[in-house]
Amino acid sequence: MRTFDANDPGRFIADFITGFHEELLSSEEDAEAVVDRYHAPDVVQIADGHWMDRAKLVAHTRPIRKRRPELRMSVHEAFADDDRLAARYTMHVRDPKRELDIEVCFFGHFAADGRLRRAHMLTRAVPVAG
């Protein structure tokens with residue numbers, strides 16, 4: 001994973017999310033090691049009011065590995081200031097049972113090494129693009 005780059009926050013957030021997803025699905029490596037490569041030990045993510053620390057994040061990877069969804073991202077806008085990044089993007093997700101598009105408003109704080117420390121996300125399902 002590359003270091004946080006405030007000069008191109010849209011590319012950074014797309015690479016961060018898709019890189020994490022791809023490593024989870026392409027590796028037999030323990031999920032904790034993959035999580036730790038992308039997230040600081042004290043990570044906290046709050047998505048739609050649901051709080052997730054490192055242990056919950058690791059547990060969240062198990063169904064992802066089982067379903068093996070495809071993921072594609074469209075970053076609509078992204079802004080960075082020092083170690084903080086705000087972005088609005090759509091995750092296009094497809095697995096054997098469904099296809100969905102999820103719009104995300106993301107506010108994150110990253111460590112100097114590019115790992116996520118804290119994130120607040122608001123999400124909503126949007127109609128799947130044709």
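The radius of gyration used here is taken over C-alpha atoms, and the globule rule is 2.2 Å times the number of residues to the power 0.38. This is a predicted model, where local features need pLDDT of at least 70, side-chain atom pairs count only at pLDDT 80 or more, and totals for chains, interfaces and linings use all residues. Residues are numbered from 1 along each chain as its sequence is written, and side-chain values use heavy atoms, with hydrogens and water left out.

**View 1. The overall fold of the protein chain.** With 130 residues, a compact globule would have a radius of gyration near 14 Å, and the 14 Å of the protein chain agrees with this. Its C-alpha trace spans about 40 × 35 × 25 Å along the principal axes.

**View 2. Helices and strands in order.** You will find 3 helices and 6 strands here, taken as DSSP runs (helices H or I, at least four residues; strands E, at least two) and numbered from the N terminus. Starting at that end, the order is α-α-β-β-α-β-β-β-β.

**View 3. The largest nonpolar core.** This core holds 27 residues, and Ile-13, Tyr-89, Met-91, Phe-106 and Phe-110 have the most contacts inside it. Such a core is a set of buried Ala, Val, Leu, Ile, Met, Phe, Trp, Tyr and Cys residues joined through side-chain atoms within 4.5 Å. Two or more residues come from each of α1 (9–26), α2 (31–38), α3 (54–67), β4 (84–95), β5 (98–110) and β6 (116–126); α1 gives the most, with 6 residues.

**View 4. Burial in the protein chain.** Buried residues make up 42% of the 130 residues, where buried means under 20% relative accessible area (1.4 Å probe, protein chains only).

Conventions:
Buried < 20%, exposed > 50% of the residue type's maximum accessible area, 1.4 Å probe, protein only.
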